[in-house]
2 protein chains.
Amino acid sequence: MEFLIKFRLNEQLCVKDPESTELGKSIVQGAIELMYASGFEQFTFRKLSIHIQTTEATIYRYFSSKHQLLLYLQNWYWSYLEFLSRLLITEEKTADEKMRMVLEIITHHHEKGPALMDYDLNQLHSIVIAEFSKSNLMRAMDTHHCDVVFNPLTGFCSYVSQIILELKPAYPYARSLASTLLQTAHDQQFYTHHVPLLTNHTSAIPNHQYVLNYLHSLVDAVLKH
Amino acid sequence: MEFLIKFRLNEQLCVKDPESTELGKSIVQGAIELMYASGFEQFTFRKLSIHIQTTEATIYRYFSSKHQLLLYLQNWYWSYLEFLSRLLITEEKTADEKMRMVLEIITHHHEKGPALMDYDLNQLHSIVIAEFSKSNLMRAMDTHHCDVVFNPLTGFCSYVSQIILELKPAYPYARSLASTLLQTAHDQQFYTHHVPLLTNHTSAIPNHQYVLNYLHSLVDAVLKH
DNA sequence: CATTCATGATAGTATTACTTTTATTTTGTT
DNA sequence: AACAAAATAAAAGTAATACTATCATGAATG
């Protein structure tokens, strides 16, 4: 069976919905490939236009800037996380099981759904990890835009914090813990690859397994003591 | 009494030591002011040269690029954190007290030493928080450079992880916890200001107090259960 | 058949990041 | 005080970037 995932992403994230045309999809697809290969700073619409055999001007008709395109990707990724959570985590599960699934999702242990979409999830994940510097982008936005654009992130965070409260109803830092887990999943994975001294990872286990174990130990300590 | 803090920063962080001349200091000082005011992306050597009444070419004799200058600032900040830790945390203190001081230092509760240096620490702190996107920079460096440049960060992290191990010798994630605390101190402070939905902060207490309380609760749970 | 609309092709602008060259000033040395 | 060496200023130049604008083309739509 063929799923077709289509989130309703905010219109501020693009000039024209890239999902609506083949060209639009190839812009997003190509952008992911190029950003993954050489990073956001090196990425230009010119390079992208050559990569996917179109012109700069055409790309600008979908995204008004490369920053908007990055926001689009991040937004898409967060939407995907929440989508996957709501798909996999059903209400009859215990809070413990739900939490375990959340951790697996944010550490990217879900290789089950690569066929669910057109884009390379692992590359996208790397980009979002690498370019999760919201600050740059936030400066360019007013507070209102900010809220709208980061809606999927806060939405996912709210979702996780509810599960946290199921486990420990009186816990006063549910949202902070949720955002910490999300961020730490990203950071620690990044560190294991690039600055291993900031972690206790050894080559005995895969990187993402280490991160998962660490997050589990954190959550256990915080919510079950 | 007048302290003079002077770290030995790696020579890869500048072309010519900015601490060695008044002009050099005003470059760093001015860079902090401009980056604080409008962010790293908006920051250019041209604007800086106008701001401090010199020329672009002169600035290039101290820093080969604005990226190098940012690295310099981050490095300086991390060095300062470790310096302050070793100054304030003496060996006769209990591990509990040491940990408390570390948390106060990384959440910036140490207003005691603003006269210690020429630069505005709060502005510098904001910059490091805001531009803590190591990924961009790291891509431009090979692994060796990376190690050297991030030495102060890993050094501080090692220092904190030793205190963690004093509190709980068998804890297997001391380094990861240290880097998580450091990062989380940054992130949560940022969130309370810009995306409060990612935290449980209320206006009842100051932002940095909230972050400190949260980190305390984390550390208590992880190391004392 | 006519029109619209997405795209292609091309050119242009302002800014940026950085280099180079040539003065001019400051500094240290004797 | 005189001189050499170094640091800085002034100015111009280059390649790339992030866009914007214009106009032609070709496919789809009505």
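**Exercise 1. Determine the handedness and the angle class of the crossing of α4(A) and α9(A).**

Solution. The crossing of α4(A) and α9(A) is left-handed, a term for a near helix turned anticlockwise from the far one by less than a right angle. This is a predicted model, in which local features need pLDDT of at least 70, side-chain atom pairs count only at pLDDT 80 or more, and totals for chains, interfaces and linings use all residues. Residues are numbered from 1 along each chain as its sequence is written, while chains are lettered from A and ligands numbered from 1 in the order in which they are written.

Step 1. Helices are DSSP runs (H or I, at least four residues), numbered from the N terminus; α4 of chain A spans residues 66–88 and α9 of chain A residues 151–167.

Step 2. Their axes come within 8 Å and cross at roughly 25°. Axes are lines fitted to C-alpha atoms over the stretch in contact, with angles from 0 to 180 degrees between N-to-C directions.

Step 3. α4(A) and α9(A) are therefore roughly parallel to each other (angles under 35 degrees).

**Exercise 2. State which residues of α4(A) and α9(A) meet, and classify them.**

Solution. Step 1. Contact requires C-beta atoms, placed from the backbone, within 7 Å. From α4(A) come A:Asn75, A:Trp78, A:Ser79, A:Leu81, A:Glu82 and A:Ser85; they meet A:Pro152, A:Leu153, A:Gly155, A:Phe156 and A:Tyr159 of α9(A).

Step 2. The classes in this contact are six nonpolar, four polar and one charged residues. Ala, Val, Leu, Ile, Met, Phe, Trp, Tyr, Cys and Pro count as nonpolar, Asp, Glu, Lys and Arg as charged, and the others, Gly among them, as polar.

**Exercise 3. Describe the side of chain A that touches chain B, and relate the two copies.**

Solution. Step 1. In chain A, 39 residues are in contact with 38 residues of chain B.

Step 2. Elements giving two or more residues to this side of chain A are α1 (22–42), α7 (134–139), α9, α10 (174–194) and α11 (207–224). The largest share, twelve residues, comes from α10(A).

Step 3. Chain A is superposed on chain B by a rotation of 180° with 0.0 Å of shift along its axis (RMSD 0.0 Å), by least squares on C-alpha atoms of residues with pLDDT of at least 70 in both. The two copies are thus related as by a two-fold rotation axis.

Step 4. The same surface serves both copies, as 97% of the contact residues of chain A recur in chain B.

Definitions and conventions. Angles under 35 degrees count as roughly parallel, over 145 as roughly antiparallel, 65 to 115 as roughly perpendicular and the rest as oblique. Two residues are in contact if their C-beta atoms, placed from the backbone, lie within 7 Å.
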